[in-house]
Amino acid sequence: MTPTERLYYTDPYLRRFEAQVTGHEGNRLYLDRTAFYPTSGGQPHDLGTIAGVPVESVIDEESRVAHVLASDAPSGAVACEIDWSRRFDHMQQHSGQHLLSAVLVELFGIQTVSFHLGAESSTIDVDAPSLDSARLNAAEQRANEIVFENRPIGIHFAAQSDDLGLRKPSGREGELRIVSIDNLDRSACGGTHVRSTAEIGPVLIRKIDKIRNTTRIEFLCGMRAIRRAHADYEALSKTSRLFSVPLDEVPALAATQIQRLQDLEKSHRKLSLESAAREGRDLYTAAEADAKGIRRVIKTGAITEEMRATAHAFALQPQAVFIALCEDPPSILVAASKDSGVNAGELVKTAVTANGGRGGGNPTIAQGSVPTREALDSVREQLKEIKPRINADERG
């Protein structure tokens, strides 16, 4: 099993190279040397071509690197080419991560726990339960200052036993690959990086999320940051034009509109519930009493807050039983007046559990569900069967 020489360790700017095929397993190809970076350390794999065949994935197999191709693997000597746009983007993001992580240590003593380079943005999880906007702004500004200083980013190799002065201790044995930012950072890393902080381009922190006891920082570098800033500006400009206000006034306007919408929703909900309660009283008035004086209504439809308001208002009247049946999802609601002789909770629990469902409540209102419409039909039939018993109940 021939090990793979990793050209990206010493020359991440290598775009084209020649290599010899040392083996293959289906469309998984092995070379004597490669500049294709495999997924590792939070950085995704490279793409490109080998002998004109697209590379779909690159996998680190310890001593070897596997290249997964879109079709059958070639043999012999092959010409290889890296997708440079993707590679350089990854170099900017990964070097930007080193820069941002180092700045967080420099300013606040906050260490980075993990790193992930995504298709749209990148994240670092840092060892801090929270970060306020002042510290985030300071970190972003300091990172960009160092970008403008065009500090060299170097790569060298050293033994683990040496005093390496790393930002974070490495658990690896033997020789380590060290990536350093001049007068700022030294980290053990196998990823691809740019030659200077200037090539990182602008650093933009987008947002933070609390992840258990750590904080996740989303950031973008280089062209990603520029594209995102442009998209954000376009979105804000469209909103500004839509409401005919200056750009800087959009946040205040949005806050005002949100409050107005919340007030309208609250008013609408109140009116809807009042209307539903009125419907419950009207249904009671229109219902005919049976021989025992019970007024009973069976209504179909979604069991919403409005339906519950209707049921509650109906059951507030004397000698009243309200039943609601919903087909999607299959469910039931029962409300009964205290003098009806019907215990809503017991009625619902008996009906739904007999049909594989769950439910319950109190004597005046209860709700339950069943797994299928067929089960709901069975519940409906049970209610019909219960009707004579309901009529015969003693009422105080």
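Thr-10 is found in the loop between strand S1 (5–6) and strand S2 (16–25). Helices (H or I, at least four residues) and strands (E, at least two) are DSSP runs, numbered from the N terminus. Thr-10 is exposed, with a relative accessible area of 61%. Buried means under 20% relative accessible area, exposed over 50%, and partly exposed in between (1.4 Å probe, protein chains only). The C-alpha atoms of Thr-10 and Ile-124 are separated by 25 Å, and the two residues are 114 residues apart along the chain.

This is a predicted model, in which local features need pLDDT of at least 70 and side-chain atom pairs count only at pLDDT 80 or more, while totals for chains, interfaces and linings use all residues. Residues are numbered from 1 along each chain as its sequence is written, and side-chain values use heavy atoms, with hydrogens and water left out.

**Backbone features**

Two non-glycine residues have a positive phi. Glu-62 has a phi of about 65°. Its place is in the loop between strand S6 (53–61) and strand S7 (64–69). Glu-62 is exposed, at 73% relative accessible area. Arg-212 has a positive phi of about 55° and is not a glycine either. Arg-212 sits in the loop between S14 and S15. The relative accessible area of Arg-212 is 70%, which is exposed.

There is also a cis peptide bond, from Asp-328 to Pro-329, with omega near 0°. Pro-329 is placed in the loop between S17 and S18.

**Salt bridges**

The structure holds 23 salt bridges. A salt bridge is a side-chain nitrogen of Lys or Arg within 4 Å of a carboxyl oxygen of Asp or Glu.

| Asp-132 | Arg-135 | 4.0 Å |

Glu-218 lies in strand S15 (residues 214–221) and Arg-206 in strand S14 (residues 203–211), so the pair ties together parts that are twelve residues apart in sequence. Glu-218 is buried, at 16% relative accessibility. Arg-206 is partly exposed, at 35%.

The pair of Glu-279 and Lys-299 links distant parts of the chain, 20 residues apart. Glu-279 belongs to helix H4 (residues 250–286) and Lys-299 to strand S16 (residues 295–300). Both are partly exposed: Glu-279 has a relative accessible area of 32%, and Lys-299 has 25%.

Asp-132 is partly exposed at 41% relative accessibility. Elsewhere, Glu-25, Arg-28, Glu-61 and Arg-64 are linked in a network of salt bridges.

**Contacts of Ser-121**

Ser-121 is found in the loop between S9 and strand S10 (122–126). Ser-121 is buried, with a relative accessible area of 18%. Leaving aside neighbours within four places in sequence, Ser-121 is in contact with Glu-218, Phe-219, Leu-220 and Arg-224. Contact means heavy atoms within 4.5 Å.

**Cysteines**

How many disulfides does a search of the whole structure find? It finds zero. A disulfide is a pair of cysteine sulfur atoms within 2.5 Å. The sulfur of Cys-189 is 14 Å from the closest cysteine sulfur, in Cys-221, which is too far for a bond. Cys-189 is buried, at 12% relative accessibility. Cys-326 is buried as well, at 4%.

**The largest pocket**

The largest pocket holds about 810 Å³ of space. On a 1 Å grid over the protein atoms alone, a pocket is an open set of points where a 1.4 Å probe fits, with protein on both sides within 12 Å along at least five of seven lines; lining residues have an atom within 4 Å of a point. The lining has 30 residues, and Gly-41, Arg-172, Ala-188, Cys-189 and Gly-190 lie nearest the centre. Helix H1 (84–108), strand S9 (112–117), strand S12 (175–181) and strand S13 (185–188) each give two or more residues. S9 gives the most, with four.

**Helix H5**

The buried residues of helix H5 (residues 305–315) are Met-307, Ala-309, Thr-310, Ala-311, Ala-313, Phe-314 and Ala-315. They pack against H4, S16, strand S17 (320–327) and strand S18 (330–336).

Note on methods: Points joined across faces, edges and corners; volume = space filled by probe spheres on them.
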